[in-house]
Protein chains: 2
Amino acid sequence: MLKGRLFVISGPSAVGKGTIINEILNLKDRVSLSVSATTRAPRAGETEGVSYYFLTHEDFEARIKNDGFLEYAYVHGNYYGTPKAHVEEYLEKGWDVILEIDVQGAMKVKESYDGGAYIFILPPSIKELRNRINKRGTESAEAAELRMSKAMGEIEYLDKYDYFIINDDLDEAVNAVSAIMTSEHQKIDESAEALLNRFKEEN
Amino acid sequence: MLKGRLFVISGPSAVGKGTIINEILNLKDRVSLSVSATTRAPRAGETEGVSYYFLTHEDFEARIKNDGFLEYAYVHGNYYGTPKAHVEEYLEKGWDVILEIDVQGAMKVKESYDGGAYIFILPPSIKELRNRINKRGTESAEAAELRMSKAMGEIEYLDKYDYFIINDDLDEAVNAVSAIMTSEHQKIDESAEALLNRFKEEN
């Protein structure tokens, strides 16, 4: 099965999405992580084409007009979006593509792209999520509280997803994502008819 | 997720279903293979409760009346069926249950049981299937030809299944079945609402 699949991964802040995805990229061949585009300025340590594609407002808006985004949003004066070109290029050459995006972005992708698999990563408990957010320690108590309240809002979207994984043990969570990616390739779809026809011709 | 799942595995004769399932039983915990019941006489080497449950016609028919089978069929003067009790017992204690049954049986299970996952095992090619059937060498040329023709009829049911696996490399096929079994447990179902409610209560 040469066709690549799109995997959309969401979940509240600090739930461990990035760590899981890095492990998947190390573990599995022919998997590409989509890099988002944004108009906000690069922060210290961020690299063009790795952290984000950093675009000017003019560039971003020109690409919107050219239908260049799978989804985009305008948040606090800046654009954020998923460029179509990278996703399409990799899917066409048979790679799986992972999008790590928030629930709003995921819902927009769902509207425009057929056939993706949507995975929601959950914390083992709300208490644990609070711990993980606090442990990051880069923010004020208010900012942490805002993240918690945003997380609760995001979890409401759970039933719009196809799969959920509770990130209690990292290895188990990685194994579950990997299993989902493998199993999606085994699903009966339009390729089953082609297969059936090949067998009949061979007989 | 404590709920057990039902996995129905079909595929033509000699495609390697039994070998794959044995590997799965060795590899994964809390998986049980359903044992069929039949009224035919035991053959040399067959063990009661392992190969089959061997029943009298009277016993089998009494169990049919008591709704004791997930599916059954009457073939060449003998009954064959899947006893409900074993399947239900294991699913209830949270084990996954595998049924290795033909397409007719699988379609009957689909009518009566909600929520199973249906996996079809295919040979890499018709030529290879013919080789595998001939290699078994326990049969006449006519019997082998009958198996081939039955196989072609079974493959027609492919699109009634959820997943397909081409058994070219045993390890890959086992890995694919294992991935499907893992991923089915991650699907969003009615348990997602319970999870959501738990998170809200914790907050």
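Visitor: How many bridges join strand 3 of chain B to strand 6 of chain B?
Guide: This is a predicted model, where local features need pLDDT of at least 70 and side-chain atom pairs count only at pLDDT 80 or more. Residues are numbered from 1 along each chain as its sequence is written, and chains are lettered from A in the order in which they are written. Strands here are DSSP E runs of at least two residues, numbered from the N terminus, and two strands pair if DSSP finds at least two bridges between them. Strand 3 (residues 37–38) and strand 6 (residues 78–83) of chain B run antiparallel, and the number of bridges joining them is 2.

Visitor: Which residue of strand 6 of chain B stands opposite Ala37(B)?
Guide: Tyr72(B) has its bridge partner in strand 6 of chain B, namely Gly81(B). The residue opposite Ala37(B) is likewise Gly81(B).

Visitor: Which strands are the edge strands of the open sheet in chain B?
Guide: The sheet has 4 strands in the order 4-3-6-5, with mixed pairing. Each edge strand pairs on one side only, and these are strand 4 (53–54) and strand 5 (69–75).

Visitor: How many residues of strand 6 of chain B are buried?
Guide: Buried means under 20% relative accessible area, exposed over 50%, and partly exposed in between (1.4 Å probe, protein chains only). Strand 6 of chain B is mostly covered, and the buried count is 5 of its 6 residues.

Visitor: Why does Asp169(A) count as partly exposed?
Guide: Asp169(A) lies in the loop between strand 9 (163–166) and helix 7 (170–185) of chain A. Asp169(A) counts as partly exposed because its relative accessibility is 36%.

Conventions: Side-chain values use heavy atoms; hydrogens and water are left out.
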